[in-house]
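This briefing covers the salt bridges of the structure shown below and then one of its helices. How many salt bridges are there?

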Amino acid sequence: MSIEVRNVTKLFGNFAALKDVSLTVPSGELVALLGPSGSGKTTLLRIIAGLETPDEGSVHFDGEDATARNPRDRRVGFVFQHYALFRQMTVFDNVAFGLRVKPRVERPSPAEIAERVHELLALVQLERLSGRHPSQLSGGQRQRVALARALAVQPKILLLDEPFGALDAKVRQELRRWLRRLHDEIGITSVFVTHDQDEALEVADRVAVLHEGRVEQEGSPEEVYNHPASPFVFHFLGNVNLFHGRIEGGTMHVGEFSLELPKGTQADAASAVAYARPHLLDIDHTPLPGRPHFRATIRHINAAGPIVRVELATGSGGIVHAELPQERYRVLGLQRGAEVYVSVKDMKVFTGPHGASGAGI
Ligand code: ATP
């Protein structure tokens, strides 16, 4: 089932938690709502679930207006950060609960319920633990039970609010891969809330980045990471180097270097900022012709892991970060204290206070 949120505004008193938000989730996709604390992610999820009513705008399921529809009639499964399992019930009974409380005419027989619960427990790989109580499970196992319980009533849409938020980093990583595989298996339209950019980029088909109640950008993980629409998205989705300068006659002048901008993309500006991710900086012992470059001194090298992180100081005292593959690092034989040339493979320039206009090179 597809979801379409159209121009939704939600007020709490005078405070607008969502401002004219529109979002489309195609049927069968897994979409992440990503943003910092307070950006409106949970409010948007609750509006899709029908647990909050928008002040303006509408929510459509498969093209039908569902804004006034009761949450119980929306066929939505919800998984919260805190597992909220029934403590006095076994894993089996927790998963069976939603089926057993259905009105008599819709309720499956006990044998059908047992079959469905076993299927779901197999899906979340917890069959062996069906007789345990929640207190006898790890956090990750409890969250998988919560997911099986949400799926038991065969929802058309699955909504997950920071489903792995309370778990430690290693378990989170395992569970997000598992969620991706599970989603590929069952193909249910899913929306999950996270403030963890790695989680969103790794798991989701599409990512909506929220900031102060607005969708700042929406696109595939590759689009939002490689082509951020605003300085906020740039910062939020990973490390970035900032170069402050000015634009004159199609050239951006930064203290250390000049950068030719694509024709017609940028008007003159007294203040502009160029953004470049660390892996888009290269280091060499001699300047590379044809690329903007500047001199810098290596201050620190972290060579643990597949990517080598190098911290450099520019002539004017600014700090920049570069990331190189191990192989390139070894070929260059970089040492702390060495004077090198840093060249910029790609960057994006924003002018204006909110980065209203941007151009890549
Ligand atoms: P977090 O990651 O911290 O959960 P979030 O992005 O999910 O944040 P929301 O929970 O949607 O953010 O809240 C958005 C804003 O709306 C916040 O500033 C919050 O304080 C406010 N808010 C949310 N619910 C209410 C409410 N019931 N009454 C008043 N303000 C609310």
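Predicted model: local features only at pLDDT ≥ 70, side-chain atom pairs only at ≥ 80, totals over all residues.

Residues are numbered from 1 along each chain as its sequence is written, and side-chain values use heavy atoms, with hydrogens and water left out.

**Salt bridges**

- The count comes to 21 salt bridges, a salt bridge being a side-chain nitrogen of Lys or Arg within 4 Å of a carboxyl oxygen of Asp or Glu.
- Aspartate 196 forms one of these with arginine 176, at 4.0 Å from N to O.
- Arginine 176 lies in helix H5 (residues 169–186) and aspartate 196 in the loop between strand E8 (189–194) and helix H6 (197–203), so this pair ties together parts that are 20 residues apart in sequence; helices (H or I, at least four residues) and strands (E, at least two) are DSSP runs, numbered from the N terminus.
- Arginine 176 is buried as well, its relative accessible area being 7%.
- A second salt bridge joins the side chains of aspartate 284 and arginine 328, at 3.4 Å from N to O.
- Because aspartate 284 is in strand E15 (residues 281–284) and arginine 328 in helix H9 (residues 326–332), the pair ties together parts that are 44 residues apart in sequence.
- Arginine 328 is partly exposed, with 26% relative accessibility.
- Through shared partners, salt bridges connect Arg172, Arg176, Arg177, Asp196, Glu199 and Glu202 in one network.
- Arginine 6 and glutamate 4 also form a salt bridge, with their closest N and O atoms 2.9 Å apart; arginine 6 is partly exposed at 33% relative accessibility, and glutamate 4 is partly exposed at 27%.

**Helix H4**

- Helix H4 (residues 139–152) has 14 residues and reaches 20 Å from its first C-alpha to its last, close to the 20 Å expected at 1.5 Å a residue, where the expected span is 1.5 Å times one less than the number of residues.
- Twelve of the 14 residues of H4 are buried, so that the helix is mostly covered; among them are Gly139, Gln143, Arg144, Leu147 and Arg149.
- The cover over the buried residues of H4 includes strand E6 (76–79), helix H2 (91–100), helix H3 (110–123), strand E7 (157–161) and H5.
- Glutamine 154, which follows H4, has a positive phi near 50°.

Notes
Buried < 20%, exposed > 50% of the residue type's maximum accessible area, 1.4 Å probe, protein only. Contact = heavy atoms within 4.5 Å.
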